[in-house]
Amino acid sequence: MAELRTERLVLRQWRDGDLEPFAALNGDPETMRYFPAPMTRDASDAFAEHIRRHLEEEGWGLWAVEVAGGASFIGFVGLARPSFEAHFTPAVEVGWRLAREHWGHGYATEAGKAALEYGFAELDLDEIVSFTSPLNDPSWRVMERLGMTRDPADDFEHPRVAVGHPLRRHLLYRLSRAAWAVSGADG
Ligand SMILES: CC(C)(COP(=O)(O)OP(=O)(O)OC[C@H]1O[C@@H](n2cnc3c(N)ncnc32)[C@H](O)[C@@H]1OP(=O)(O)O)[C@@H](O)C(=O)NCCC(=O)NCCS
């Protein structure tokens, strides 16, 4: 499978040793404040196994992120196919989830850029999307730093979040291959 390298990071296949720090970040209420609930250890392990199998079978996915010469696991960044139906699916999304102590270093943006490059240059995708709650400023700010753009007409109600829940409404950001080629491929 593809291992991606950036200036400071390695995006790699998951290892057994990642499960414990992954469960810690998935169980942290602050990290998970824009999700309906933190995850249990079992749910976190099952999610990691699902991600690992996808990477193994497809060669791409939600890579485990390591700081080169530093922390061996800080979270995940990568590409996935949303598993729910919405007006923009089927699609490939770029997403991220990092442990709190690794926020504020530009790691999500740096790894996200590498994932976009892989999606456009290696997978030949025409478009990559990303979505989050309007309340999740840190996440949509990563999308904007990556050059993704939002049309309010694309906003949607996430079908996996309960009707009436404050996190149900989502913003959709898109990046086309053409826009990436003009603005993103150089960095
Ligand atoms: C979303 C999330 C990954 C964003 O992390 P982040 O650290 O804010 O984003 P980046 O890695 O792009 O870092 C950007 C910040 O690092 C700062 N920074 C510091 N050093 C930097 C460097 N060398 N290069 C670039 N930016 C740097 C930037 O100024 C910016 O800070 P600011 O937001 O205060 O302006 C993180 O909040 C997270 O994991 N949240 C929980 C899970 C989640 O909600 N995931 C998204 C679901 S849709």
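The sections below describe strand pairing and the surroundings of the ligand.

## Basis

The structure is a predicted model.

Strand 2 spans residues 9–12 and is covered on both faces. Leu9 and Leu11 are buried on one side, while Val10 and Arg12 are buried on the other.

Strand 1, residues 4–5, runs antiparallel to strand 2 and is joined to it by 2 bridges. These two strands form a hairpin, with 3 residues between them. Strand 2 is also joined to strand 3, residues 62–67, by 4 bridges, again in an antiparallel arrangement.

## Ligand shell

The ligand sits in the largest pocket. It is surrounded by 21 residues, of which Trp96, Leu98, Gly104, Ala108 and Thr109 are the closest.

At least two shell residues are supplied by each of strand 5 (93–98), helix 3 (107–122), strand 6 (127–132) and helix 4 (137–145). Helix 4 provides the largest share, with 5 residues.

Asn136 contributes through its side chain, with a polar atom 2.9 Å from an oxygen atom of the ligand. On its own, the ligand has 960 Å² of accessible area, and the protein covers 68% of this.

Methods
Residues numbered from 1 in each chain as written. Predicted model: local features only at pLDDT ≥ 70, side-chain atom pairs only at ≥ 80, totals over all residues. Heavy atoms only, no water. Buried < 20%, exposed > 50% of the residue type's maximum accessible area, 1.4 Å probe, protein only. Pairing = 2+ DSSP bridges. Near = heavy atom within 4 Å. Polar contact = N/O pair within 3.5 Å; in protein donor to acceptor, adjacent residues only side chain to side chain. Areas by Shrake-Rupley, 256 points an atom, 1.4 Å probe, with all protein chains shown as cover. 1 Å grid on protein atoms, 1.4 Å probe; cavity = no way out; pocket = protein on both sides within 12 Å on 5 of 7 lines; lining within 4 Å. Sits in = over half its atoms within 2 Å of the grid points.
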